[in-house]
Amino acid sequence: MRLSGRGIRCMRGGRDVFSGLDFETCAGEALAVVGTNGSGKTSLLRMIAGLLAPAAGSIALEGGDVELTLPEQAHYVAHRDALKPALSVIENLLFWQKFLGGDASDAKGCLATVGLDHAIHLPAAYLSAGQRRRLSIARLLTVRRPIWLLDEPTNALDRAGQSMFAALMIDHLARGGLIVAATHMPLGIITRELPIGSAS
Amino acid sequence: MTALAALVRRDVKIALRVGGGALIGVLFFLTVVVLMPFALGPDLALLTRLGPAILWLGALLASLLTLDRLFMADHEDGSLDLIVMGRVPLELACAAKALAHWLAAGLPLVIATPALGLLLNLDATSTSAIGLTLLVGTPALTFTGMIGAALAVTLHRGGLLLAVLVLPLSIPVLIFGVAASEAAIGGFSFGAPFTILCALSLISFVIGPFAAAASLRHGLD
């Protein structure tokens, strides 16, 4: 499986954020998108996720499921964590498991993996920022998708959480998965850097 | 199908829990209708004559009240991104969200109608006729209002824009809803306006999800 972009140009509010960006990444590899604030890291992830149209250029996936589009094979973990405060931890996770469909694994087991098994029935409104992030990570585990698009995934995580997540990413890559992450901090795994914005 | 059922169940559950806003619409409906006799005076004949219009206007305003949260809440917490990315066609996901919204916010208005009919001196036949028109007509309000809710999300504008966008679209529903109710009360032909009302609902089921999905797909950034 190979994800590539050619001559991508990003315009936000009539201003060029970046242009002529090429990238390529293969199964088993993690691509770290690095750059200053406002350099377009999140925009690039949203373009890959199909949520934002590039002003020029194209993004293509080779070797994926031919029946599905690129966004349908991808998980997207963003700053906003898609959790409903009124629903409990397990209700939030089970909803995404049913809605996203595909190969589902045991939701309670996933919560145990991310260290939320003691808070299964707690409404998500009472979770801390780090716990919310852990619940978003559980979503990555509960439905298998080959491509993970991660926007500052380790931001709110404590040190134990970061090493837990690094182990999960290594496991995902070993299964032939692919990761594109926008980050300022080292993710704790071997990554290839893609500098964008003024740095490129 | 499980994905859509999960979406409907989640939205109904959120609406019925604390802070969900499902009850707000019914309470608003109740307040508007209760205020009318105070404003119009104790003339029972007048209240009976204006009854269908008052109930329909109350239901229209009450259904507008909660409509802006239909996509806005999902947009604010990032759920909408995942729904757009999902394997479920966005049109069906929009329809599922509108159905859930109607179950939580529209259906209670229909259920409250018999009690409110008493306050407006309406007899059993009139109340059941109005209840029936609301049962058929409120889904049309939700499904046309969904277009406005999707536009409000993509234009980053809240409630007031929604009211301005949606109220003109609901004029036909209001006309035929009130016409069918008054026909039933006055003993005229109930069938013709009621059938048109049903047709308007069916049209909104088709157009609403497609228009809302198109707006969401092109407007997100």
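Predicted model: local features only at pLDDT ≥ 70, side-chain atom pairs only at ≥ 80, totals over all residues.
**Sheet in chain A.** Five strands make it up, in the order S5-S6-S7-S3-S8, and the pairing is parallel. I then asked which strands stand at the edges. They are S5 (74–77) and S8 (192–195) of chain A; each has a single partner strand, so one side of each lacks a neighbour in the sheet.

S5(A) runs parallel to S6 (residues 147–151) of chain A, and four bridges link the pair. In this part I found A:Val77 opposite A:Leu150 of S6(A).

**What packs on the sheet.** Helix H5 (residues 159–174) of chain A does, and I noted that it touches S3 (30–34), S6 and S7 (178–182) of chain A. The direction of H5(A) makes about 140 degrees with that of S7(A).

**Hairpin in chain A.** Next I went to S1 (residues 2–12) and S2 (residues 15–26) of chain A, which pair in the antiparallel sense over eight bridges. A:Leu3 has A:Thr25 in S2(A) as its bridge partner. Two residues sit between the strands of this hairpin, and A:Gly13 takes a positive phi near 60 degrees.

**Contact between the chains.** How many residues does each chain put in? I get 22 from chain B and 22 from chain A. On the chain B side, the elements giving two or more residues are H1 (2–16) and H5 (79–85) of chain B. H1(B) supplies the largest share, seven residues. By type, I sorted that side of chain B into nine nonpolar, six polar and seven charged residues.

Key: Residues numbered from 1 in each chain as written. Chains lettered and ligands numbered in written order. Contact = placed C-beta atoms within 7 Å. Nonpolar A, V, L, I, M, F, W, Y, C, P; charged D, E, K, R; others polar. Pairing = 2+ DSSP bridges. Axes fitted to C-alpha atoms, helices over the stretch in contact; angles between N-to-C directions.
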